[in-house]
Structures are given as structure tokens and as C-alpha cells.
Amino acid sequence: MNDDLIDSPALGSRSPDPAPAFAVNPVRRRLLQAGVVSAGLAFPGIAALAGALGQPRIGFKPVAASSEDRVQVPDGYLVQVVYAWGDPISDGPAFKADASNGAFEQAEQAGMHHDGMHFFPLPEDGKPSSARGVLCINHEYTDDGLLHPGGVADWSHAKTVKSQNAHGVSVVEIEHIGRKGQDGRWQLVRPSAYARRITARTPIRISGPAAGAPALRTQGDRRGNVVFGTVSNCAMGATPWGTVLTCEENFDAYFNGPEKPTPEQKRYGIREQGGGYRWHEHDSRFDVATEPNEANRFGWVVEIDPLNRTKVPVKRTALGRLKHESAAVALAGDGRAVVYMSDDGPFESLYKYVSRERFDGKNPAANANLLDDGTLYVARFGDDGQGQWLALEHGQNGLVAANGFAEQADVLVNTRLAADRVGATKMDRPEGIAIHPASGEVYCSLTRNSRRGLADAPGPDAANPRAANLFGHIVRWRENGGDAGAKDFSWDIFALCGDPQHADPGKRGNVKGDAFANPDGLGFDRDGRLWIQTDVSAGTLNAGDYARFGNNQMLVADPASGEIRRFLSGPNGCEITGIARTPDGRSLFVNIQHPGERPGGRSDPAAPTANSAWPASQFAEITGGRPRSATLVVTRRDGGVVGT
Ligand code: FEO
Ligand code: CA
Ligand code: CA
């Protein structure tokens, strides 16, 4: 998401009752029996994956910082575009390079602005395949100037629907062709029985303690348990039971708020004119004066079954309403499901949810509602390197009617206010979260917070040590007893970002190697390498103190030594998002989001290629100059494991 917007001081009809969520289909049962439903991620607590890993090998020669309009990868690696905005998900309509595909064609094509991603291997010889699988990809937001041939001029109902259909999630099937593990290529399977688009118009069930609460009822849904669509889908996590969790982040941007928002609306950024979208002009759901509760139905974590396109997605209210950036899943020592979550805003916090019931690997249907009944916590980081998880439970810690929390639904709809009440630590914009596959240590990017230490804002603290934190840092914590279900933890700072020679020499982190700024997406691979993606905003990219970092990039860190090497540099104006691997580690999927973006988060519809013409600028087979967000696959020419 464009960071100039976040870090600035300003800041129908009913569907039939949905089917029960996430019954087990035969493919999932086979994958669960094979021990892996989710490649490239490990779930701490699963016995087969626990235990010490050796120090991971990082064997490539780093790429230089670059400001070229192309993706750069190390010598010996190949990069390929497999799924760009407008590409058909199955055997539907082809992309038109002048952006003239209509709204309903867009609903069968890749959305815009790819973000979080996960690869689900399909079975092959009884094992999870590294040559065929299903990719789930978030489409975080749209640049409506690029989306339509005439940009936002003559804004219409048709442009509104096309914009809504370019949001949400893609589920696509992908296969490797050519010699396995060698210099072959990946391509989408078309047609595919898995292919599916979930958009800002798809019926989604609302479940958990806040479902049906008065705050979630609208004129179009008087029961408060079905909503059309998901928006601002940022990062993504996978569960051990084979679903994905997609996170609704900057939902406030889509709503035209009242002149005088309530304190609850203000706390989530609901404001007049919203974030510049014009959906409310043709869809009254997004006009807060007409439908005051619709905004309460966004800002949730949404669970999706990637292997059954008939299953209705579910908004899980037990996980709280935030500007959800990411969700990473672990298992507690006793098998309860744990979801770590980040709320991306200046001075927002880190959360975890612990289910009441335990994960059952032998009876996957029993896991269907683990995310509906449990306890939500928020983190307090002490100055002594210790921390606590504070329960956000009605009746505890001041969360009572006298303070505006009449029941648990109020805690969950207004989770930020509940966190304020219990004394959560206000962090420097929590973004990506990743869990070390052996130790269970959790890492979180704090991307930046230029307001830290200003006269009207909190000053530095131990976990957010820099005033005017322009370059960001990465914090990590280890739960007491190594148990993800613990209520206490110890923490330290893994990296203070920026160039240690220039940025902040008095408070140098333990980073060795390539300098970078504004960490965002994070992911561990199974060998314990930490992949770090950056999001320097378009307003500062390649300017002033940021010039030495080049375009946004992806780096690899050794968590033990702190060594960091730059693995990939992106095209102009983009940020790097989403990371997924095949089980064998030989193919790495990465997203390029918003190439060509200018300060303010929008392109110039009159000159759409002024900043970038990627991917056409790099790949001869791609025609048409409009910059397009896209999924890449990176492989080694010799077929080896990526990163080693
Ligand atoms: Fe969607 Fe905070 O990035
Ligand atoms: Ca992000
Ligand atoms: Ca960001």
C-alpha cells in the first residue's frame, strides 16, 4: 500500500445461507495425510518440523542497489512473470493492453496490486508436488487511473464495479513444464477447476462472537452475518488445516465518511472523502451517512478454502477488527491454534489469538471453527526485554460497559480502543510477521514512523527506540517456554534498518551486509532463512538519504549471525510483496506491486508509462506499456534450492 497515505499526519441484496465452511475434500485429506498442506511455511509445534536447524546457507552473490526499470536477481538465477494484472484466471477473457476490459471481464482476470501470497501443492505420487499447485494471491488496492482507459474521468457505475472487481483475492492453478527442477518454466493451468476470484462484491459469511451484533447489521443485511466483499487485502497466512487467512488492511479508504466522525470512526481513520476512491458515488454501501455500519464489516481476517471454489469465505470476528496487515499461524504446545497479527498504523500494536480448542491433524473437519472461539491478546513490550500478552476479554482489564464495552462484540468491533484501554505498546507501524520454523521465534517488521517523538505523539521507548523513525526496524520475541500459547515473552531488536554508516550510528543494530530501509513483508523458509521485503514509499524512493538503497527490494537474512544480502531489486516505483515457495525450495514466487507508482499513490493516467513500463520494459513477450503488478517465479538455472 502506498505509504505516503499511511504515514502522513492526516490521517444489496442478501445471499442464500452459505454452506458450512471448510469441510474436508479428498485432495486436502491426502495432503494432510502426507504431512504438508502448506509449502514453504512451517508450523512450529508440529513435531515433524520441530528441532534445531543448522545455520542456513546463503550462497548467492548479492545484487547491487538499482534504479533500473527491471527485476534484478543474482547471477545463475532466472526470473519469469507468470500472472500479471488482467491475465485470465482460467479460460476467460484475455487482457487488453489499453485497459478496456469491462467490469465483468475483470472479475475473471487477475486483480490489481498483488500482495500476500501462498502456494498450496497439489498431490503427486501421494506427496505434495513441487511442480503443480494452487496459488492464492491478494489484490490489495487499485490505481483507478491505470485501471480504465480514460482514468477516473467520467466516473461511472461501470468504473466502480470494475474497480471493485480488481480487488480481493485470486486462486489460480499453476504448473511447472519442462524438466522437473531444471531450466523449465511455470504457467497457469487453463482451464482449471480451482480458479476463482473473490472480489469486493463476493458474498462472505461473518462468524464468531461479533456476528449478528447490532454494529454489524445494515439495511441490506438485517441479520449482520453476510457481507459483500473483501478489500485492502494485504498479507496472507496459511493454517495447518489447509486454509488461507487474508488480512483486510486500509478499509477506511473506501468509505466516504461524515463531516464529524464518531470517536470510534476516527480511531479507524473513517473521514470525509475517505482515501480518494469514488465507490460511494455509485454504491451507497460505501457512503457512511447512508449505511453507517457497513464500515464495521471490514477490517477483519478472512478465511478462504483454496481448494474448493464453492466454499463461502468467512470473516472471523474473534480475531478482532484492525487495519490487519498480516496473520501468521503457529500451534501452542498443547495444540491450540495461535494467530499472530499486526495492525499497520503509526502507534498501533501487535496481537495474538489463541483458540480454545486444539488442532486435530487426523480429523480436519474438527478444525473448521477454531478461529471462532478463543482469546484475543495484545502485546505490551517492557523496557527490560520482557513482555506480556494482555487479554482483550469483556469484563477484564477495564473492558466493561462503563468504558464503552457492553459485550465482547464491542471489544472485537473496536479492538483498537480496547487495546488503548488495556495499555498496549504503541509500535512503529507493525507490518510483516514470520515465525522461525525451528525455534518458534516471531519476527515483525516495524516499517517506519516519522511521527515518533513529535510534540503531540509518544516518544521513543525500548521497543521503538528511534525518534522520527524513517528507516524502520525488525523486532523479535520468544514465548516463555517456547510455547506459542504463553502469556509472557522475551524480546529484542533484530535489526535497526538504514545504512549503519550513515543512518543512526549510535544505535546500530546487528545487521551486517547490505543496507535497506522500511522492512515490510517477511517470510521464513524451511531452512531458517529470513526473507525481507521493502516498501520505501514513492515519495522518498531514490531520494535524499534513501538514494543509496535503490528501488524496493528483497533481501535474505541469517537470523543467527545477522548477515543480510540483497537478493532481488524491483522495477521503478514498485514495492515487493508476497512470498511463497514450493516444498522442494526450488521455485520462489514473489509479487511486484504498483510498478510506476508516483507520490500520492496514483499513476498519471495521461502518461501511464512515465515512471515505469514494467513488465513490458523487461520481457519481450509482454506487450502494452501500462505498468502491471505481477507474480514472478524465481528459479536457479542449475535447478538448485533458491537462496542457498
Ligand atoms: Fe498493505 Fe501495510 O501494507
Ligand atoms: Ca505491507
Ligand atoms: Ca508498507
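What is the order of the strands in the open sheet of five strands? The order is β24-β28-β27-β26-β25, and the pairing is mixed. Before I continue with that sheet, some conventions are in order.

This is a predicted model, in which local features need pLDDT of at least 70 and side-chain atom pairs count only at pLDDT 80 or more, while totals for chains, interfaces and linings use all residues. Residues are numbered from 1 along each chain as its sequence is written, chains are lettered from A and ligands numbered from 1 in the order in which they are written, and side-chain values use heavy atoms, with hydrogens and water left out.

The pLDDT is the predictor's confidence in each residue, from 0 to 100. Its average over the chain is 90, and 89% of the residues score at least 70. Over residues 8–51, however, the pLDDT is below 50, although this stretch has 109 contacts in the model beyond near neighbours in sequence; a contact means heavy atoms within 4.5 Å. Where pLDDT is low, the predicted coordinates should not be read in detail.

I return to the open sheet. Helices (H or I, at least four residues) and strands (E, at least two) are DSSP runs, numbered from the N terminus, and two strands pair if DSSP finds at least two bridges between them. Strands β24 (512–513) and β25 (519–524) stand at the edges; each has a single partner strand, so one side of each is left without a neighbour in the sheet. Strand β27 (residues 553–557) pairs with strand β28 (residues 563–569) in the antiparallel sense, over five bridges. Within that pairing, M554 has L568 in β28 as its bridge partner.

Now consider strand β31 (residues 630–636). Are its residues buried or exposed? Seven of the seven are buried, so the strand is largely enclosed by the rest of the structure. Here buried means under 20% relative accessible area, exposed over 50%, and partly exposed in between (1.4 Å probe, protein chains only). In a regular strand the side chains alternate between the two faces of the sheet. In β31 both faces are covered: A630, L632, V634 and R636 are buried on one side, and T631, V633 and T635 on the other. Strand β1 (residues 77–84) runs antiparallel to β31 and is joined to it by seven bridges, with A84 partnered by A630. Strand β30 (residues 587–593) also pairs with β31 in the antiparallel sense, over six bridges, and N591 stands opposite T631.

In helix α5 (residues 157–165), seven of the nine residues are buried, among them K159, V161 and K162. The buried residues of α5 pack against α3 (103–106), α4 (144–147) and β6 (196–198).

Next, the nonpolar cores. A nonpolar core is a set of buried Ala, Val, Leu, Ile, Met, Phe, Trp, Tyr and Cys residues joined through side-chain atoms within 4.5 Å. The largest has 69 residues, and those with the most contacts inside it are Y254, F255, V339, M341 and L392. Helix α7 (residues 408–413) gives the most to this core, with four residues. Apart from it lies another core, of 26 residues, including F60, Y77, V79 and W614.

Let me turn to the aromatic rings. Rings of Phe, Tyr and Trp (its six-membered ring) pair if their centres lie within 6.5 Å; planes under 30 degrees apart count as stacked, over 60 as edge-to-face and the rest as tilted. The whole structure holds 30 aromatic pairs. One of them, Y340 with W389, is tilted, at 6.2 Å centre to centre and 50° between the planes. This pair links distant parts of the chain, 49 residues apart: Y340 is in strand β14 (residues 336–343) and W389 in strand β18 (residues 386–391). Y340 is buried, with a relative accessible area of 1%, and W389 is buried at 5%.

Finally, Y254, F255, Y277, W279, F286 and F298 form one aromatic cluster. The charged end of K315 sits over the ring of F298, 3.9 Å from its centre; the criterion is that NZ of Lys or CZ of Arg is within 6 Å of the ring centre and within 35 degrees of the ring normal. R321 lies over the face of Y268, at 4.3 Å from the ring centre.
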